[in-house]
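Colleague: I would like to go through this model with you, term by term. Could you set the values against the definitions as we go?

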Amino acid sequence: MDNEAILRKYKRRQRLIDILPVVALAALFAILVITVQSKGYRLDMYLKIIFNEGVVLAVVATGAVFIYTLGSFDISLGASTLFSATLGVMTYNATESLALMILVIFGVAVGCSLLSSVLASMFHIPVFVTTVAMMSVLSAIAAQIITTNGGALGGISIPSALVKPLDNMGFKIAVLAVFWLLCFFVFDFTKIGRKQKFLGGNPVCAQLTGIQVNKYAIIAFVMAGIGVGLGAFLTLIYTPSVTATTAGSIGMNILVAIVFGGMPISGGPRSRIYSALVGGFSYILLNNILKLLIDSNVGYGVSQIVSAVFFLAVVYVTSLNYRSQTLPR
Amino acid sequence: MKTPILEMKHIRKTFASTVALGDVDLSVYPGEIRGLIGENGSGKSTISSIAAGMQKADSGEMLYHGEAWDPDSMIEALSKGIGMIVQESGTIQGVSVAENLFLGETKQFPGKLGTIDRKAMNAKADEALQAIGVKNVSGATPMGALDFQTRKLVEIAKVVMKDPEILVVDETTTALSQEGRSILYALMKKLRDEGKAVLFISHDLDEIMEVCDTLTVLRDGAIIRHFTKDGFDADAIRTSMIGRELEGDYYRSDYTPSHLEEIAVRAEHISLGEALQDVSITVHKGEIVGIGGLSHCGMHPLGKILFGAVRPDSGQVVTGGGVKITGEAVAMKENFGYVSKDRDVESLSLSASIRDNIAIAGMEQYAVNNFLMLSSREKVYVDRQIADLSIKCADRDQQVSQLSGGNKQKVVFGKWIGRGSEVLILDCPTRGVDIGVKRAMYQLMTELKNEGKSIVMISEEMPELMGMSDRLIIMKDGKITHEFARSASLSDAEIIQYMI
């Protein structure tokens with residue numbers, strides 16, 4: 001085979017790898033449709049559930065891509081979502097102001113995110129360590145507020161009529177689209193996104209290329225914070241009450257979703273903003289398909305195992321691809 | 001005719017879109033030091049790394065002592081008799097020297113309750129290091145505390161203590177000082193005299209002609225010619241390597257020191273721990289200032305301080321315009337560029353493309369309003385660097401890790417030159433690059449000097465320092481010991497007395 005043929009083959013393979021997550025999403029969607037219809041369930045109901053779960057995950061994950069691109073990891077995103085929603089609800093109940101509630105949700109979400117990165121920068125520790133601590137602290141405070149003000153099971157809530165007009169697909173798609181396009185623009189068309197990708201690839205080299213590590217880490221956490229704020233708000237629109245378990249699994253789900261979407265787990269220059277969108281919906285589709293296919297008594301455990309196996313397979317395939325491209329040094 | 005220890009037949013290997021080896025045959029005989037020489041990307045490292053178990057060939061056959069040879073790993077290959085010292089870092093930081101030496105073999109030092117007897121392991125490590133002539137490093141020393149050269153010596157000890165039948169030395173000498181090289185040459189000769197073999201890869205033709213008994217020239221993944229010692233001819237070897245006659249000057253052709261009056265940068269009374277003591281230098285516009293010395297003389301940290309990457313304990317770096325260099329971002333703003341000696345770690349993001357690596361430093365050159373990144377403008381910018389520097393690649397989106405050492409270094413140059421750096425700090429700029437690329441880099445440096453740019457060239461290679469510098473500063477033990485002006489009569493002997 002001549003060099004041109006090898007190059008063509010290589011490029012074909014790369015293109016295939018790039019579109020694989022989208023193909024997987026389409027395949028999962030087709031499997032869901034077939035499964036629901038074969039069981040005689042209502043497809044529109046399932047699609048609505050998947051959309052409502054997927055939109056929150058996709059929004060938070062889109063913001064989180066900025067953190068993952070740096071090769072970092074934030075496990076506190078679920079707790080931040082819960083905490084900001086809790087304080088949002090408390091604010092509304094105290095002031096009856098929707099605007100103030102939204103302001104508090106975003107302020108708290110961005111503040112929590114910033115705190116993680118600033119603490120990491122101040123104490124020179126990996127940022128994921130501070131997010132582990134933040135997860136515990138935020139969950140505990142939120143749970144205490146919820147238990148004290150509304151009870152552990154019932155939780156705290158805002159009047160459903162307040163957000164009912166926003167609980168429709170059009171509004172949610174608009175929110176997701178605007179935020180995703182903003183992130184896409186920052187990520188792919190500004191110096192900020194380019195520097196963050198480079199920083200994730202090799203922080204030492206990035207620093208020696210004049211990229212200020214702390215500055216770009218803070219920007220990444222602010223973007224993630226905005227995603228968390230939007231996620232918390234969308235959660236309240238869907239279910240206007242908050243319990244101690246609200247958004248509990250988002251932190252880990254984001255990691256899995258982003259990898260499903262084709263983003264390398266180590267971040268860096270091959271990070272893609274669409275990974276959050278594609279991976280978020282793929283993950284929710286996969287979970288719902290597994291719930292439909294597997295007996296409900298054992299369903300949760302089995303679907304977690306299947307997701308884990310799928311996750312490992314995706315990470316293995318992507319890392320295998322990288323290793324085979326490296327000349328000996 | 002002796003029977004070869006190792007026979008490699010019809011070896012073929014591709015990396016993604018790159019054909020690294022196409023149908024290569026190579027035999028290694030007992031009692032020989034066989035040199036492998038060729039331009040970057042010719043396939044030297046690939047063929048030797050396949051023999052040493054680092055990776056598998058796509059096709060072909062290998063025989064070791066007449067039996068099929070197909071090691072699954074470098075550890076397996078070493079345990080059976082073929083050991084390799086790799087081009088870049090082959091040690092693990094974060095653990096001790098002894099743990100590096102006995103990686104995967106700590107069971108031979110059983111302690112109490114299933115633990116490791118570290119005292120015994122460290123003592124054995126000390127023995128192994130002393131056996132190859134490394135006296136100032138202990139087994140208990142953390143690997144991260146050692147510099148690049150000493151880490152390489154530890155790596156050499158690790159391979160040699162296994163008493164390999166074939167030792168592969170892949171461009172290791174560029175990381176070593178003269179003392180380190182002497183240690184390695186002695187080891188290689190010892191192995192040869194014992195009827196074993198060495199595969200020696202280097203870009204230094206003088207070194208390879210001095211050390212080797214036989215020589216194999218590779219080009220573009222194929223073997224071009226074999227030479228024996230009595231037929232060594234520098235011109236014939238060069239021509240075989242690059243497939244054409246080298247044209248033009250290698251180093252600068254003039255011997256008159258020259259520069260503009262204007263000062264580009266001044267380092268004033270710089271001190272840094274024991275590495276640097278009250279060092280002051282001034283670099284003018286249009287001047288190449290060479291800094292030389294032994295590896296530990298302080299010149300490498302000085303390069304980082306000039307770029308603001310390391311804060312000195314005292315003293316300051318100031319531009320001709322009076323701006324203090326307090327960090328890398330300030331240095332970049334003042335149009336400084338820095339090429340590190342540790343290319344793969346400090347100068348490149350290996351998982352990124354050529355485009356990403358070149359474009360990252362020059363965004364203000366092509367971004368709209370210094371903010372908006374348009375792919376079309378970026379491509380033009382990157383393609384210009386690829387063309388100007390003749391970077392051998394499939395396309396701009398090729399991953400840098402797929403490139404050979406010389407082409408990687410060209411990408412690093414492209415990154416800094418493309419953005420129009422006025423002051424270039426080059427730490428060992430030609431380390432691990434072939435003769436053709438070296439020549440291109442020297443010509444580029446001369447062009448930059450003529451354009452009024454300033455270059456600080458830190459190097460452990462005397463010929464290039466003498467051949468390129470307007471002024472040559474020699475350092476020893478963190479201090480400047482002498483300064484030479486450019487002259488045709490300057491000799492190695494004159495300089496070395498101020499280094500040692």
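Colleague: How many helices and strands does the secondary structure of chain B come to?

Modeller: Chain B has 18 helices and 19 strands; helices (H or I, at least four residues) and strands (E, at least two) are DSSP runs, numbered from the N terminus. Please keep in mind that this is a predicted model, where local features need pLDDT of at least 70, side-chain atom pairs count only at pLDDT 80 or more, and totals for chains, interfaces and linings use all residues. Residues are numbered from 1 along each chain as its sequence is written, and chains are lettered from A and ligands numbered from 1 in the order in which they are written.

Colleague: What makes chain B as compact as a globular protein of that length?

Modeller: The radius of gyration is taken over C-alpha atoms, and the globule rule is 2.2 Å times the number of residues to the power 0.38. For 500 residues that rule gives 23 Å, and chain B has 23 Å, so it is as compact as a globular protein of that length. Its C-alpha atoms fill a box of roughly 65 × 50 × 50 Å along the principal axes.

Colleague: And why does the radius of gyration of chain A agree with a compact globule?

Modeller: A compact globule of 329 residues would come near 20 Å, and chain A has 21 Å, which agrees. The C-alpha trace of chain A spans about 70 × 55 × 35 Å along its principal axes, and its secondary structure comes to 13 helices and two strands.

Colleague: Why is B:R396 called partly exposed?

Modeller: A residue is buried if 20 or more other C-beta atoms, placed from the backbone, lie within 10 Å of its own, exposed if 12 or fewer, and partly exposed in between. B:R396 has 18 C-beta neighbours inside 10 Å, so it counts as partly exposed. You will find B:R396 in the loop between α14 (375-388) and α15 (405-417) of chain B.

Colleague: What is B:R396 in contact with, leaving aside its neighbours within four places in sequence?

Modeller: Its partners include B:S353, B:R355, B:K379 and B:D383; two residues are in contact if their C-beta atoms, placed from the backbone, lie within 7 Å.

Colleague: What makes α1(B) mostly covered?

Modeller: Eight of its eight residues are buried, among them B:K44, B:I47 and B:A51. Just after α1(B), B:G53 takes a positive phi of about 80°. Across chain B, buried residues make up 51% of the 500 residues.

Colleague: Which elements of chain B give two or more residues to the side that touches chain A?

Modeller: The contact takes 43 residues from chain B and 28 residues from chain A. On the chain B side, those elements are β1 (6-15), β2 (18-28), α1 (44-51), α10 (328-333) and α11 (343-347). By class, that side has 22 nonpolar, 16 polar and five charged residues; Ala, Val, Leu, Ile, Met, Phe, Trp, Tyr, Cys and Pro count as nonpolar, Asp, Glu, Lys and Arg as charged, and the others, Gly among them, as polar.

Colleague: How do you know that α5(B) is roughly parallel to α6(B)?

Modeller: The axes of α5 (residues 148-160) and α6 (residues 178-193) of chain B come within 11 Å and cross at roughly 15°. Angles under 35 degrees count as roughly parallel, over 145 as roughly antiparallel, 65 to 115 as roughly perpendicular and the rest as oblique, so α5(B) is roughly parallel to α6(B). Axes here are lines fitted to C-alpha atoms, for helices over the stretch in contact, with angles from 0 to 180 degrees between N-to-C directions.
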